[in-house]
Amino acid sequence: MIKRGELYYPTEEFKKNAWVSDPKIYKEAAKDPVKFWEKLAKDLFWFKLWKKGFIHKPPNFQWFAGGKINITANIFEKDWVVKKDKIALIWEPESLNEKSKVFTYQELFKEVCKCANHLKGLGVKKGDRVGIYLPMIPEVVIAMLACARIGAVHSVVFSAFSPNALKVRLQDTGAKVLITADSYYRRGQLINLFKNVEESIKGTKVKKLIVVERSNKAPWHKEDDFCKAVFMDSEDLQFILYTSGSTGKPKGCMHACGGYSVQAYWTGRYIFDFHEDDVFWCTSDPGWITGHTYTIYSPLMNGIATLMFEGVPDFPTPDRWAQIIEKYGVTVFYTAPTAIRMFEKYGEDIIKKYQFKKLRLLGTVGEPIDESAWLWYYKNVGKEKCPIVDTWWQTETGGILLTSLPGLGPFKPAFTGLPFPGVKTEIRDGQNGKHGNLVILPPFAPSLLRGIYHNPEKYLETYWSQYGKKVYFTSDGAIMDEHGLIRVIGRVDDVIKVAGHRISTGEMEAAVNDHPEISECAVVGIPDKIKGEVPVTFVIYKGARPVEEIKREVIAQIQKGIGPIALPKEIYLVEDLPKTRSGKIMRRILRKLFTGEELGDLSTLANPESVDKIKKLIYG
């Protein structure tokens with residue numbers, strides 16, 4: 001890359017081959033965003049073209065209304081002759097003693113069809129919800145595509161989530177079929193996944209279980225290897241994915257077939273600059289939206305090879321991630337700042353022997369990246385030649401909305417970039433439009449969620465009430481620099497990001513409050529050098545049992561209610577929590593006790609003395 005002041009730009013060589021290297025694209029898109037998206041959509045394979053590009057009846061909207069599509073037809077039928085013998089999926093197991101698996105597009109297609117026919121044999125029809133609780137194994141890709149092939153609505157649950165977290169999501173979707181596995185590996189340990197399932201399905205509508213044996217053939221291996229793609233209306237439900245809300249119950253984000261397909265395809269092509277020989281490694285688990293869109297759908301729609309790794313990037317050695325990049329000739333690498341800071345912590349010496357010659361583009365996702373991590377990534381992994389596309393988006397948006405396009409730039413450490421062409425954003429309630437709340441204006445992104453499953457009131461309240469029914473509120477704060485580049489600075493609601501994963505403080509508090517001896521608690525996120533943010537829990541406990549015993553039980557509550565990803569860094573047993581006179585817990589003040597910020601005026605608190613007591617508990 002070329003550095004000019006604090007900004008970086010792609011080299012002329014990179015620009016020469018990039019899909020987008022002319023800044024006019026922004027003007028064209030801004031002039032008529034609907035026309036711009038319609039033009040892009042025509043590059044996809046549609047069974048029937050749409051009648052109207054965009055329909056808006058605030059807060060509801062439609063994209064490509066009347067069009068008929070199937071996302072898997074855009075993976076398999078589209079350009080089939082060209083891609084059928086190309087590598088589609090590379091799976092690297094955690095164990096170094098186990099063989100990897102490689103699927104061509106033709107081999108993957110046959111597996112998807114077998115799974116789809118198996119689901120049909122169980123009575124699964126278009127519109128039925130199917131739960132998927134699978135680890136990072138090829139069958140999670142196959143299962144998701146099989147559902148999409150027959151028009152079933154998949155709802156993937158992260159395999160590290162607890163039985164209770166799985167149950168809540170199964171109950172909400174009303175899924176009658178659950179696809180899961182017996183086990184998977186994590187840091188050398190064989191994790192028994194199925195024991196979680198037996199407990200989870202009690203009290204749900206699940207009648208059929210499909211259990212994949214990790215080391216054996218999948219249950220659908222004897223089925224017929226062809227299944228016709230179901231015609232889906234553009235606004236039919238593609239999938240439901242749950243995201244943490246600011247209250248206890250997770251929100252089922254609903255994504256539509258047409259808009260999601262268009263956004264997944266084009267954001268991959270323009271932002272990661274996909275070319276036919278690329279090997280793309282997005283490190284995200286399919287249990288999260290990043291895994292949905294950029295581990296699976298986007299690279300496969302673009303006809304390239306996507307890599308999936310079962311394990312963690314620093315096991316069994318700190319340079320495992322580097323070994324994988326070299327082994328498979330990864331050309332585009334997309335990971336979280338948490339992972340980059342972990343690589344940085346291990347030092348430069350462990351990766352000096354790696355040249356990363358085939359790497360040509362880097363990406364980051366999940367949380368704001370700090371300047372130190374950005375520069376380390378640029379120097380030590382990108383070898384000062386790879387553009388870094390920092391990206392901002394949400395489970396709700398379905399695809400990336402903010403970034404700098406790699407063939408254009410500019411790139412600025414710690415700043416995400418510009419809105420994707422055809423997406424209009426503003427920063428409101430701040431100083432001169434430069435600092436405040438990030439919002440999205442119509443016509444929105446085609447992949448933006450269409451609702452919260454079974455909860456239209458929550459949909460309206462969460463996204464469309466702060467600035468009226470025509471403005472989508474992201475719940476993120478942002479700042480803009482003099483170049484128009486945006487830096488997203490984090491949540492303005494009660495959701496924290498732990499290692500890039502959104503965790504609801506409300507959901508954590510609900511889990512802790514289930515403890516019979518705990519009357520009330522508060523969870524806040526505090527800064528952490530590796531994970532970005534970590535949760536800290538304050539518990540009102542007035543019993544006589546030992547403190548450490550109660551702490552262990554609180555951890556067990558969270559482990560049971562959500563899973564190990566949400567475990568707090570510290571638990572404090574307190575007499576009281578700072579509250580307003582109306583009874584609202586002032587989490588903002590608790591958070592500031594760790595950041596060193598001024599606490600501000602405490603006179604509005606009903607119990608200001610509680611703050612000093614908690615401060616003494618923390619610092620002694």
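**Exercise 1. Find the residues that G131 touches, leaving out those up to four places away in sequence.**

Step 1: Contact means heavy atoms within 4.5 Å. By that rule, G131 touches S155, L170, A175, V177, L178 and I179.

Step 2: G131 belongs to strand β8, residues 129-133; helices (H or I, at least four residues) and strands (E, at least two) are DSSP runs, numbered from the N terminus.

Step 3: Check its exposure. Buried means under 20% relative accessible area, exposed over 50%, and partly exposed in between, with a 1.4 Å probe and protein chains only. G131 has a relative accessible area of 2%, so G131 is buried.

A word on the source: this is a predicted model, in which local features need pLDDT of at least 70 and side-chain atom pairs count only at pLDDT 80 or more, while totals for chains, interfaces and linings use all residues. Residues are numbered from 1 along each chain as its sequence is written, and side-chain values use heavy atoms, with hydrogens and water left out.

**Exercise 2. Work out the strand order of the open sheet with seven strands, and say which strands stand at its edges.**

Step 1: Two strands pair if DSSP finds at least two bridges between them.

Step 2: Look at the ends. β7 (101-104) and β21 (388-390) each have a single partner strand, so one side of each is left without a neighbour in the sheet.

Step 3: Compare directions. Axes are lines fitted to C-alpha atoms, for helices over the stretch in contact, and angles run from 0 to 180 degrees between N-to-C directions. With direction ignored, neighbouring strands of this sheet are turned by 15° against each other on average.

Step 4: Zoom in on one pair. β20 (residues 361-364) and β21 pair in the parallel sense over three bridges, and T364 has D390 in β21 as its bridge partner.

**Exercise 3. Describe how helices α2 and α3 cross.**

Step 1: The axes of α2 (residues 24-31) and α3 (residues 33-41) come within 5 Å and cross at roughly 115°.

Step 2: Angles under 35 degrees count as roughly parallel, over 145 as roughly antiparallel, 65 to 115 as roughly perpendicular and the rest as oblique. That makes α2 roughly perpendicular to α3.

Step 3: List who meets whom. I25, E28, A29, A30 and K31 in α2 meet P33, F36 and K39 in α3.

**Exercise 4. Trace the hairpin formed by β29 and β30.**

Step 1: β29 (residues 495-498) and β30 (residues 501-504) pair in the antiparallel sense over four bridges. K497 stands opposite R502 in β30.

Step 2: Two residues lie between the strands, and A499 in the turn has a positive phi of about 55°.

Step 3: Sort the side chains. In a regular strand the side chains alternate between the two faces of the sheet. Here V495 and K497 point one way from β29, I496 and V498 point the other way, and all are buried.

**Exercise 5. Find the buried residues of helix α17 and what they pack against.**

Step 1: In α17 (residues 587-595), the buried residues are R587, I589, L590, K592 and L593.

Step 2: These residues pack against α15 (505-513), β31 (520-528), β32 (532-540) and α18 (609-619).

Step 3: G596 follows α17, and its phi is positive, near 85°.
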